[in-house]
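Subject: Structure for you, with notes

Hello,

Please open it alongside the notes below.

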Amino acid sequence: MTPVTGAHRLVAFRAPTPRDALPAWRSARKAPHFGACGPHLYARWFRDFADTSLVAVAGRDVLGFLIGYRRPDVPDTYCVLRTEVDPHHGTPALGAHLLRAAAEREVARGARFVEGAVAPGDTVAAGAYARLARWYGAPAHEEALCPPSRFPDGGHDEILHRIGPLHGTS
C-alpha cells in the first residue's frame, strides 16, 4: 500500500486498532450521514475487522478510515461497509486512495470483486468507485440496494457499486 502525499505530509495506510476508534468516531461525527453509533462500536469494528480495514494516518493523526469485510457467503467479494475521511485532511482524493489501497490488498488475497453502497447524490464516493473500476480496467455495475419500498419508514436508496472481476495490476 503506497503512501500518498497531502498537505505537505506523508499519509500512510495501516490496519486499525481499537486505539484508533475515538479519532475515527470524531471524524465520522462530522459527516452528514452520521448514525447514532458511538466510539465503542468503532473500537469493536477495528478489533474484529482490523485484517480487512484500513486507517489513513499522517504521523499520529488519523485522517480517515475504511471498514471492510469479505462476504462469508461469497468469499471472493470484498465489501466496504463504511469509509470516512476528515473534511480538513488536506489530501486530494483521500477516500479514493483508501478504497484503492484496500482493494489492492484484498485482490492480493484472492478477492475478485469490490462492493460498496453509496447514498444517492454522494458524487465523491460514487467517483471513487468509478476511479477504482477504471484503474483496474474492470466492469462496474450499479443497482438499488435499499429501496424505500423495503422499509416501513421509507429508508433511503443506497446504490450498490460492484466492481469486477478484478485482476492484479502489477
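Helices H1 and H2 cross in a right-handed way. A crossing is right-handed if the near helix is turned clockwise from the far one by less than a right angle, and left-handed if anticlockwise. The model is predicted: local features need pLDDT of at least 70, side-chain atom pairs count only at pLDDT 80 or more, and totals for chains, interfaces and linings use all residues. Residues are numbered from 1 along each chain as its sequence is written, and side-chain values use heavy atoms, with hydrogens and water left out.

**The helix pair**

Two packed helices are described by the angle between their axes and the distance between the axes. H1 covers residues 21-29 and H2 covers residues 39-48. Their axes come within 8 Å and cross at roughly 120°. H1 is therefore oblique to H2. For angles, under 35 degrees counts as roughly parallel, over 145 as roughly antiparallel, 65 to 115 as roughly perpendicular, and the rest as oblique. Axes are lines fitted to C-alpha atoms, for helices over the stretch in contact, and angles run from 0 to 180 degrees between N-to-C directions.

Which residues meet? From H1 and H2 respectively: Ala 21, Leu 22, Ala 24, Trp 25 and Ala 28 meet Pro 39, Tyr 42, Ala 43 and Phe 46. By class, this contact has nine nonpolar residues, no polar ones and no charged ones. Nonpolar covers Ala, Val, Leu, Ile, Met, Phe, Trp, Tyr, Cys and Pro; charged covers Asp, Glu, Lys and Arg; the others, Gly among them, are polar.

Is Asp 20 buried or exposed? Asp 20 counts as buried because its relative accessibility is 5%. The cut-offs: buried is under 20% relative accessible area, exposed is over 50%, and partly exposed is in between (1.4 Å probe, protein chains only). Asp 20 sits in the loop between strand E2 (9-14) and H1. Leaving aside neighbours within four places in sequence, Asp 20 is in contact (heavy atoms within 4.5 Å) with Arg 14, Ala 15, Phe 46, Val 55 and Val 62.

Asp 48 lies in H2. Asp 48 is partly exposed, at 43% relative accessible area. Its side chain joins that of Arg 47 by a polar contact of 2.5 Å. A polar contact is a pair of N or O atoms within 3.5 Å; within protein, one must be able to donate a hydrogen and the other to accept it, and residues adjacent in sequence count only if both atoms are side-chain atoms. Asp 48 and Pro 18 are 30 residues apart along the chain, with 9.3 Å between their C-alpha atoms.

Asp 86 is in the loop between strand E5 (74-85) and helix H3 (94-108). Asp 86 counts as buried, at 17% relative accessibility.

**Backbone points to check**

Most residues other than glycine have a negative phi, and most peptide bonds are trans. Ala 93 is not a glycine, yet has a positive phi of about 55°. Ala 93 is in the loop between E5 and H3. The peptide bond from Gly 164 to Pro 165 is cis, with omega near 10°. Pro 165 is in the segment after strand E8 (159-163).

**The whole chain**

The chain has four helices and eight strands. These are DSSP runs, numbered from the N terminus: helices (H or I) of at least four residues, strands (E) of at least two. Of the 170 residues, 41% count as buried.

Best wishes
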